[in-house]
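Thank you all for making the time this morning.

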Amino acid sequence: MENHIDTLIIGAGLSGLTVAHFLKKYQPGATISILEKSSSPGGAIRSFHQDGYLAEWGAHGFLDNVEASRELLVDTGLDREVQKAPLDDFVRYICLNGKLNLIPQNPKKIIRSNLVSLPAKLRVLADLWKKPRPEEQTVADWAAYRFGASLLPFVDAVLTGTYAGDLNRLSIDAVFPGIRGLELEKGSVILGLLQKKKATKEKEPTAPKRKLPAMISFPQGMGRLPEVLASGKNLLCSVAVKSIHKNETGWEVRTAQQSFRADSLVLALSVNQSLSLLRNATGLAEEQPPMDSIAEARIVTVAMGFGKTADIPFGFGYLAPEQEKRFALGALFSTHMFPGRAPKGHMLLEALVGGRRHPEKLRLDDDALVRETYADLKQLIHLPDPPVFTRVLRPDHGIPQLEIGYPGLLAWRNRLVENNGGLYVCGFGWEGIGINDMTKSAQQVAAGIAAGIAAKGETEVKGVYF
């Protein structure tokens with residue numbers, strides 16, 4: 001059986017569902033189908049519920065400072081359900097010298113704090129005259145060159161919390177393209193930020209001082225987001241794509257059950273899943289990708305519930321740079337962030353273990369992971385009694401690592417899309433790994449497809465009347 005549709009989306013994670021949402025908004029008459037290999041939508045976003053505890057298999061939330069995500073919430077009515085943890089009210093901690101240290105909420109306050117020595121603070125100013133090095137660099141090499149090695153533990157903590165990655169492998173051009181662009185354009189990150197701030201102030205001289213954004217989740221957990229987005233969609237689950245072929249009229253996609261013909265094809269998958277399909281696709285006007293795959297970091301979440309004797313400091317949680325040699329990468333103070341994460345009178349901690357540098361820890365059984373994690377955390381947090389609840393969550397999805405060479409892969413993706421009309425490639429790892437990264441990219445894809453449908457409609461009308 002063969003089905004012809006306007007747009008076929010492969011992948012029902014956040015990216016694929018968001019493309020479908022915005023495309024239907026922009027072109028209500030468009031026919032859209034979504035194919036998903038697994039038995040349910042959501043991809044890496046999934047929530048865990050047991051015995052009154054609520055934990056996350058993947059993302060724990062996202063910031064409310066990106067317009068695409070805000071629009072998505074309003075469109076779906078989820079803006080009326082959100083739980084918010086404002087960064088102005090909540091704090092973060094970093095583990096340094098075997099204890100938790102409060103991190104100020106902006107770089108200026110970090111420099112003023114006692115966390116950084118006076119010589120290290122003065123070294124940061126060298127950014128003002130250090131000439132940019134144009135070649136691709138690791139984050140570690142770049143940060144040490146511009147600001148000094150003393151700041152590397154803080155940079156390491158940031159990348160641990162986002163990528164579970166290794167700053168000696170991650171590419172500055174891929175991970176922080178905005179900051180890298182400022183450096184290359186202005187010759188200095190500090191100078192670029194000051195000029196950007198001045199331009200904003202001149203443009204909006206009477207604008208009130210902007211507050212820090214808030215972290216967003218939902219009472220039912222992050223799984224609520226794909227659940228709502230999937231509602232009402234033409235979604236086929238447990239359907240694996242076997243082949244992709246481009247011909248003169250569009251795209252042909254075959255599964256074990258049937259074939260689909262579409263004017264537009266969206267691969268809304270993680271980087272490695274996309275590369276696997278594209279390597280075997282036929283009819284494409286582009287060379288093979290510069291790499292077969294990219295590295296992924298895998299982590300486990302050790303969810304632990306504690307009773308009233310636990311004294312967990314207020315805030316989002318903490319992160320531990322590699323130099324601290326801790327067992328866990330860090331932990332989220334889930335009950336502080338969002339209400340309803342644990343039964344009354346109890347607290348939930350979600351510790352993260354593994355990552356790019358320590359895949360060997362994932363080979364431990366659940367009992368060993370709980371035992372080692374509790375031993376690690378009780379050295380940093382007052383946890384006199386063992387957890388009354390434990391669960392080890394082992395996600396199927398790895399976190400794409402944007403390491404050296406990734407910018408070349410992204411450039412190849414852009415050429416591929418440009419040279420093969422009707423093809424769109426987005427998803428986990430293509431423009432970043434955050435929820436806001438993916439919703440923004442998916443909205444742009446939807447706008448591009450909608451513009452193509454509109455242009456095609458105008459051409460057909462002209463053909464009829466002229």
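Before I name any partners, one term: two strands are said to pair if DSSP finds at least two bridges between them. Please also keep in mind throughout that what you see is a predicted model.

With that term in hand, let me start with strand 5 and strand 9 (residues 214-217), which run antiparallel and are joined by two bridges; in one of the pairs, Phe62 has Ile216 in strand 9 as its bridge partner. These strands belong to an open sheet of three strands, in the order 5-9-6, with antiparallel pairing. Strand 5 (62-63) and strand 6 (83-86) are at the edges with a single partner strand each, and therefore one side of each has no neighbour in the sheet.

Next comes strand 7 (residues 92-96), which is largely enclosed by the rest of the structure, because four of its five residues are buried. Strand 7 pairs with strand 8 (residues 99-103) in the antiparallel sense over five bridges, and here Cys95 finds its bridge partner in Leu100 of strand 8. The hairpin of these two strands has two residues between them, and Asn97 in that hairpin has a positive phi near 55 degrees. Strand 7 is also joined by three bridges to strand 16 (residues 317-319), this time running parallel, with Tyr318 in strand 16 as the bridge partner of Tyr93.

How many of the residues of strand 18 (residues 347-354) are buried? Eight of the eight are, so strand 18 too is largely enclosed by the rest of the structure. Eight bridges join strand 18 to strand 15 (residues 299-306), antiparallel, and Met304 has Leu349 of strand 18 as its bridge partner. Strand 17 (residues 330-332) is joined to strand 18 by three bridges, again antiparallel, and the bridge partner of Gly330 in strand 18 is Leu352.

Let me turn from strands to side chains. In soluble globular proteins, nonpolar side chains tend to be buried together. In this model the largest nonpolar core has 100 residues, and those with the most contacts inside it are Ile10, Leu225, Ile244, Leu265, Val266 and Leu267. Helix 15 (residues 435-465) contributes the most to this core, with seven residues. Another core lies apart from it and has 28 residues, including Val302, Ile312, Ala331 and Leu377. As for Ile10, if we set aside residues up to four places away in sequence, its contacts include Leu35, Val241, Val253 and Leu277.

Beyond its neighbours within four places in sequence, Glu183 is in contact with Pro132, Arg133, Trp142, Arg146, Ser188 and Val189.

Finally, the surface, where Leu118, Leu122, Leu125, Leu128, Trp129 and Leu191 make a nonpolar patch of about 630 Å². Of these, Leu125 sits in the loop between helix 4 (118-124) and helix 5 (139-147), and with a relative accessible area of 39% it is partly exposed, because that class covers values between 20% and 50%.

Conventions
Residues numbered from 1 in each chain as written. Predicted model: local features only at pLDDT ≥ 70, side-chain atom pairs only at ≥ 80, totals over all residues. Heavy atoms only, no water. Core = buried A, V, L, I, M, F, W, Y, C linked by side-chain atoms within 4.5 Å. Buried < 20%, exposed > 50% of the residue type's maximum accessible area, 1.4 Å probe, protein only. Contact = heavy atoms within 4.5 Å. Patch = residues over 30% accessible without salt bridge, like charges linked within 9 Å, V, L, I, M, F, W, Y side chains within 5 Å. Areas by Shrake-Rupley, 256 points an atom, 1.4 Å probe, with all protein chains shown as cover. Salt bridge = Lys/Arg side-chain N within 4 Å of Asp/Glu carboxyl O.
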